[in-house]
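Take a look at the protein shown here.

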Amino acid sequence: MLPRAYFESFVYRRGGEGAPEGVVPWDTGGKAQPCVVSAAERGAFAGAWVLDCGCGAGENAAFLAASPASLARGVVGFDVSPDAVAAAEERGAAAVAAAAA
């Protein structure tokens with residue numbers, strides 16, 4: 001396992017690496033990765049608990065949690081970056097609200 005200092009050496013903060021202020025550099029604009037969407041459409045997550053390691057801004061986790069196509073029992077994402085976790089929490093809350101509407 002890599003030490004936490006390894007990850008903290010990266011610019012894991014909002015507005016870093018040339019990203020606009022308030023945006024983490026790995027944010028994909030709210031879209032899940034195509035391979036995750038494709039796997040969900042094929043039923044790869046049906047009935048499963050999904051752990052999204054290094055979830056970044058939470059695009060994949062939010063998609064799997066809110067998409068009826070995923071059929072996942074539940075989704076948990078985690079990341080070592082506090083800004084990534086904050087972005088993922090915001091995205092997750094918005095996805096849950098949209099799914100309930």
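This report goes from the whole chain to single residues.

**Overview**

This is a predicted model: local features need pLDDT of at least 70, side-chain atom pairs count only at pLDDT 80 or more, and totals for chains, interfaces and linings use all residues. Residues are numbered from 1 along each chain as its sequence is written, and side-chain values use heavy atoms, with hydrogens and water left out.

The protein has 4 helices and 2 strands. Both kinds of element are DSSP runs, numbered from the N terminus: helices are H or I with at least four residues, strands are E with at least two. From the N terminus on, the order is α-α-β-α-β-α.

Of the 101 residues, 29% are buried. Buried means under 20% relative accessible area, exposed means over 50%, and partly exposed lies in between (1.4 Å probe, protein chains only). The accessible surface comes to about 6200 Å². Carbon and sulfur atoms hold 61% of that surface. Such areas come from the Shrake-Rupley method with a 1.4 Å probe; for residues, only the protein chains shown count as cover.

Contact means heavy atoms within 4.5 Å. Take the contacts between residues at least 6 apart in sequence: 70% of them join residues at least 24 apart.

**The nonpolar core**

Which residues form the largest nonpolar core? There are 6 of them: V36, A39, A40, F45, V50 and L64. Helix α2 (residues 34-41) gives the largest share, 3 residues. A nonpolar core is a set of buried Ala, Val, Leu, Ile, Met, Phe, Trp, Tyr and Cys residues joined through side-chain atoms within 4.5 Å. In soluble globular proteins, nonpolar side chains tend to be buried together.

F45 is one of these core residues. Leaving out residues up to four places away in sequence, F45 touches V36, A39, A40, V50, L64, S70, L71 and A72.

D79 sits in the loop between β2 (74-78) and α4 (82-100). Is D79 buried or exposed? D79 counts as buried because its relative accessibility is 18%. The side chain of D79 has a polar atom 2.8 Å from the backbone nitrogen of G56. A polar atom of that side chain also lies 3.5 Å from the backbone nitrogen of C55. Both are polar contacts: pairs of N or O atoms within 3.5 Å, where within protein one must be able to donate a hydrogen and the other to accept it, and residues adjacent in sequence count only if both atoms are side-chain atoms. Beyond four places in sequence, D79 touches G54, C55, G56, A84 and V85.

G54 lies in the loop between β1 (49-53) and α3. Apart from neighbours within four places in sequence, G54 is in contact with F78 and D79.

**N60 in helix α3**

N60 belongs to helix α3. N60 is buried because its relative accessible area is 14%. The side chain of N60 reaches the backbone nitrogen of Q33 at 2.8 Å. With residues up to four places away in sequence left out, N60 touches A32, Q33, V36 and D52.

| Pair | Separation along the chain | C-alpha distance |
|---|---|---|
| G47 and L71 | 24 residues | 6.1 Å |
| E41 and S70 | 29 residues | 6.6 Å |
| G54 and S81 | 27 residues | 8.8 Å |

G47 is in the loop between α2 and β1. G47 counts as partly exposed because its relative accessibility is 48%. Beyond four places in sequence, G47 touches L71, A72 and R73.

L71 is in the loop between α3 (59-66) and β2. L71 has a positive phi of about 55°, although it is not a glycine. At 53% relative accessibility, L71 counts as exposed.

E41 is part of helix α2. E41 is exposed, with a relative accessible area of 61%.

**A patch on the surface**

L51, V76 and F78 form a nonpolar patch on the surface. Together they have about 290 Å² of accessible area. Like charges are joined within 9 Å, and nonpolar side chains (Val, Leu, Ile, Met, Phe, Trp, Tyr) within 5 Å. V76 is found in strand β2. At 44% relative accessibility, V76 counts as partly exposed.

Note on methods. Patch = residues over 30% accessible without salt bridge, like charges linked within 9 Å, V, L, I, M, F, W, Y side chains within 5 Å. Salt bridge = Lys/Arg side-chain N within 4 Å of Asp/Glu carboxyl O.
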